[in-house]
Amino acid sequence: MSPNNEPRLSKAERTAQAREQARIIRDAQLKKQKRNGWLIKGGVLVAAVAIVVIIALVVINTQKANTPVADSGPVPTNMNTYGGITLGKDGAVIAPTTTEKTVDINNLPAAPTAAAEKVIDPEAIGIKATGTGEPVQMVIYFDFMCPFCNQFETSYGAQLKALANEEKITVEYRALGFLDRFSGGTNYSSRAGAAAACVAETTPNKYQAFLDTLFANQPAENSKGLDNAKLKQYATEVGAADISSCVDEKTFRPYVANTTGLASAHGVSATPTVFMDGEQWVSTEKFEDFSARILAAKK
């Protein structure tokens with residue numbers, strides 16, 4: 001039967017049919033809105049969970065980073081009680097003569113009440129004249145954030161390595177945390193010094209390379225410094241063993257704190273502070289003249 005032959009709907013039937021179609025459309029729209037609402041709620045829930053996880057990780061890492069440093073801790077196997085690692089020919093590490101296995105900042109001597117022009121009682125911190133026929137002892141107090149320390153190493157590092165290879169000197173590096181206050185609350189100087197101690201503990205022959213790398217990538221003062229992930233990365237890049245747990249557990253932060261406190265107690269007030277054959281270098285004399293004078297006197 002053609003549409004023309006279909007019975008004509010009454011007005012009431014047409015109204016009912018229209019209402020039914022409207023209901024069907026309305027129900028479909030409601031279902032769609034409900035479905036979209038669940039999708040939106042689900043997306044918001046996923047995003048909220050992700051944000052919570054991120055915040056939790058940040059809080060955990062921040063708490064870990066801000067965990068107080070212990071008063072006492074171990075001395076790295078290849079470093080001395082005063083905070084130094086001594087390098088000789090071809091960068092070989094010279095075994096320390098001190099025997100203490102731990103340090104404790106509670107045992108530090110009192111700091112001087114007035115600024116000292118020169119270091120007080122250097123022999124008490126292992127700095128003294130070298131015996132006849134032995135390589136001259138050189139000790140460098142430095143800070144990984146100190147630009148002048150970087151300049152000193154850049155200017156004289158190659159010369160010092162050459163003298164060490166000729167067995168005319170040994171070079172002892174002692175890292176300090178003097179500039180922690182200039183690293184935006186991250187204590188970069190101490191963290192870098194402790195990371196270097198981790199390298200000394202695990203792969204001592206890579207200490208010099210690690211030091212050189214940190215100076216080559218030295219952060220500016222008043223910045224947050226390199227984060228721990230970057231310190232670990234640089235250690236790996238120079239061929240050191242994995243120092244991750246050593247850094248994360250702050251194994252040698254007490255050691256660096258003790259080195260810093262001990263240096264301060266003996267009048268070290270700036271970096272670099274440099275000694276050769278027990279004599280302290282002062283900036284009124286060119287370092288080239290100072291080192292030449294010391295070495296000439298040992299011939």
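Mentor: Start with the count: there is 1 disulfide, where a disulfide is a pair of cysteine sulfur atoms within 2.5 Å. Keep in mind that this is a predicted model, in which local features need pLDDT of at least 70, side-chain atom pairs count only at pLDDT 80 or more, and totals for chains, interfaces and linings use all residues. Residues are numbered from 1 along each chain as its sequence is written, and side-chain values use heavy atoms, with hydrogens and water left out.

The bond runs from cysteine 198 to cysteine 246, with S to S at 2.0 Å. Cysteine 198 sits in helix H3 (residues 188-202) and cysteine 246 in helix H6 (residues 244-248), so the pair ties together parts 48 residues apart in sequence. Helices here are DSSP runs of H or I with at least four residues, strands are runs of E with at least two, and both are numbered from the N terminus. Now look along the S-S bond. Its torsion is about -85 degrees, so the disulfide is left-handed.

Next, check the surroundings of each cysteine. Cysteine 198 is buried, at a relative accessible area of 1%. Cysteine 246 is buried too, at 12%. Buried means under 20% relative accessible area, exposed means over 50%, and partly exposed is in between (1.4 Å probe, protein chains only). Two further cysteines deserve a look. Cysteine 146 is buried, with a value of 3%. Cysteine 149 is buried, with a value of 3%.

Now turn to the rings. A search of the whole structure finds 12 aromatic pairs. Rings of Phe, Tyr and Trp (its six-membered ring) pair if their centres lie within 6.5 Å; planes under 30 degrees apart count as stacked, over 60 as edge-to-face and the rest as tilted. One of the pairs is phenylalanine 152 with phenylalanine 287: edge-to-face, 5.0 Å centre to centre, 75 degrees between the planes. Phenylalanine 152 belongs to helix H2 (residues 147-165) and phenylalanine 287 to helix H8 (residues 287-297), so this pair ties together parts 135 residues apart in sequence. Elsewhere, ring pairs link Phe142, Phe144, Tyr173, Tyr207 and Phe215 into a cluster.

Finish with the sheet. An open sheet of 6 strands has the order S3-S2-S6-S5-S7-S8, with mixed pairing. Two strands pair if DSSP finds at least two bridges between them. The edge strands are S3 (93-94) and S8 (279-280), each pairing on one side only.
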